[in-house]
Amino acid sequence: MTPVVEIRGLVKRFGFTTVLDGIDLDVTDHEVVCLIGASGSGKSTLLRCVNGLEPLSSGTVTVAGRTVIQDDIKLNRLRRDVGIVFQSYNLFPHMTVMHNVTLAPRKVLHLSTEEAEQRARPLLERIGLADKASAYPDSLSGGQQQRVAIVRALAMQPKLMLFDEITSALDPELVNEVLLMMKDLAQEGMTMIVATHEMAFARDVANKVCFLHQGKILEEGPPQQIFTSPKEERTAEFLKRTLESGRL
Amino acid sequence: MANGIGDTAPSPDRTARDRGAMTAMVVSGASVALALAGGLVAALRASDTNNTFLLVFVLAFPLGVFALWFGRRAETHIVDRDGPDEDEQLARLARRVAVAGIVLSVLLACGLGVWAAWTGLEDVQEIFFSLPDLGDSAGLVTDGFLLNVKIFVVAEVLVLVWGLVVAVTRELPGRAAAPLRWLAVAYVDIFRGLPAIITIYLVVFGLPLSRLPIVPGTDASFLGFDQVEMLGVLALVLVYGAYVAEVYRAGIESVHWSQRAAAQGLGLSRGQAMRYVVVPQALRRVVPPLMNDFIGLQKDTALLNIAGIFEGFAAASNYANNNFNLSSVTGLGICFVVITIPMTRFTDYLVRRDQRRLRGGGVGAAVTDVVGASGGRA
Ligand SMILES: Nc1ncnc2c1ncn2[C@@H]1O[C@H](COP(=O)(O)OP(=O)(O)OP(=O)(O)O)[C@@H](O)[C@H]1O
Ligand SMILES: [Mg+2]
């Protein structure tokens, strides 16, 4: 079991607020780790630290054998291996779907336009959007947009995928198609870190669930254990509140 | 007529309702009649247009507005109480007549106003719009104006590029670029604050004296511009480059930070993210404010006459001084106005065409997530 991600003593401060306060986390190959926790607990920040979108205050993060340091060239290289999808504003609105998907392969991997499109087409077919290749993002539904965003990241053939609550800005009826796609990816063996409020998804798909609280991983373990017999009171409380709001 | 106005608001009983609609009818009719009478009087007694103008405007117009308001009220009353159709129709007719009275009185007042100005101030017309002088100066003025056009077209192209260079310089990351960023900030602060006329003066007269190696020689020529014209273009580019750089910067900063993060997340470098993702979106957003600056630039080409460039305004004012008639300058003014109109329409067209895509924030554009709201940046 090779660790794809190794996080040691990660601290992240914004000014005087400490958002991440000593995170240790290993993610091994083909593992799916779900980050849960209240709003503001630092899930997004953790993900952004993993691919160097936020500079670390201290600690180390290693991804696929590369250390995250604030060096543009090294970071650009590292990010090729890490796909990230956000909650919103993912697709580039001034480019067609095909252009969105092929941009990075062309500009970063220096594939020719034909090569990049050959790579993109099966991916778009897979999500049933091949006929939308020349459409602009604004003509797609939110769910379609998020699936294109996933496919766009996959076109770089990453070793690790990061998902930051990618269904929480979607209309409820569109959430499923996106979750199903993520489930498929997990079954194909993609290594993933998923920040989510979708507890049912975490329960079904995750190998490991981490509960973030006040900048620390308060509790981690297999989903059965976390969801049925949490050791920490805070975890139980959070799950109870989430359950009450009807999200389990 | 005085009776009509004096009538009180319609009351619920049948006859009073009648009176409401009737009153509206009478008042609106009076408004139209007054307007028509004004026109007639004006036509018969052309010398006394000022008074007729007053009559029409002070009486017919407010009367029409009152009739419209009164008619509406009457009609509302009738409809509310399901009154007889004839009353309703009468009130509606009154409203139409009132509208006619308003339109007629405004048109007449405008027409009479222009007529009064025209006939009463024949000298004004002679000085500003003398047809013979317009004709005589046309050749001179258009030749000069063509130079303005040439100057602003070249300056606009240069400003587009230069402004973008300054804006992107200002956004450069890293400590190494700090001096460049300061330079960009200083440039914008200085040239946005300096009056254009001072910049032009300093550049055109000062630079040749400075003997800096970059200054074109007296016999230099480029795109058909001589030395002074080149310096004039340079001065305009310096002034408007500062404005346009700020417009670009606002555009760049208006692109949601997630777009940059998404691009860099895919492995694109900062530069590539800027070039392929941020700048193209920013450019589309800055078209309208950019056009404002361009119109400003076009007009300011006339300032170059202080540098001794024989552009349109120099030609027109020269003619005006020699012939004691300003029609040449009016003609030039018309040229400047006319040339901005197609530009404005073209901008509108571009904006409309791009509008849907500009807005595109993708999923949850309306959702403010925690990081975004607290100003997180890649
Ligand atoms: N750029 C920033 N500057 C200052 N504070 C920030 C910044 N980004 C995040 N924070 C703060 O860090 C904390 C954690 O934010 P983060 O977005 O990681 O939480 P989260 O767990 O993803 O929450 P949510 O479930 O709402 O997405 C918040 O209190 C937030 O205000
Ligand atoms: Mg978040």
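Hi everyone, here is a short walk through this two-chain model, one chain at a time and then the contact.

A word on conventions before we start. This is a predicted model, so to speak of local features we need pLDDT of at least 70, and side-chain atom pairs count only at pLDDT 80 or more, while totals for chains, interfaces and linings use all residues. Residues are numbered from 1 along each chain as its sequence is written, chains are lettered from A and ligands numbered from 1 in the order in which they are written, and side-chain values use heavy atoms, with hydrogens and water left out.

Let's begin with chain A. You will find nine helices and ten strands there; these are DSSP runs, H or I of at least four residues for helices and E of at least two for strands, numbered from the N terminus. Its radius of gyration is 18 Å, close to the 18 Å that the globule rule gives for 248 residues, so chain A is as compact as a globular protein of that length. That radius is taken over C-alpha atoms, and the rule is 2.2 Å times the number of residues to the power 0.38. Along the principal axes, the C-alpha atoms of chain A fill a box of roughly 55 × 40 × 35 Å. Of the 248 residues, 58% count as buried, meaning under 20% relative accessible area, with exposed being over 50% and partly exposed in between (1.4 Å probe, protein chains only).

Now over to chain B, which has 14 helices and zero strands. Buried residues make up 43% of its 378 residues. Among contacts in chain B with a separation of 6 or more, 76% join residues 24 or more positions apart; contact here means heavy atoms within 4.5 Å. One residue to look at is B:Gly135, in helix α6, residues 131-170. B:Gly135 counts as partly exposed because its relative accessibility is 46%. Its C-alpha atom is separated by 45 Å from that of B:Leu212, 77 residues apart along the chain.

On the chain A side, please find A:Tyr89, A:Pro93 and A:His94: they supply 24% of the area that chain A buries against chain B, more than any other three residues.

Note on methods:
Buried area is the accessible area (1.4 Å probe) that two parts lose on being put together, summed over both.
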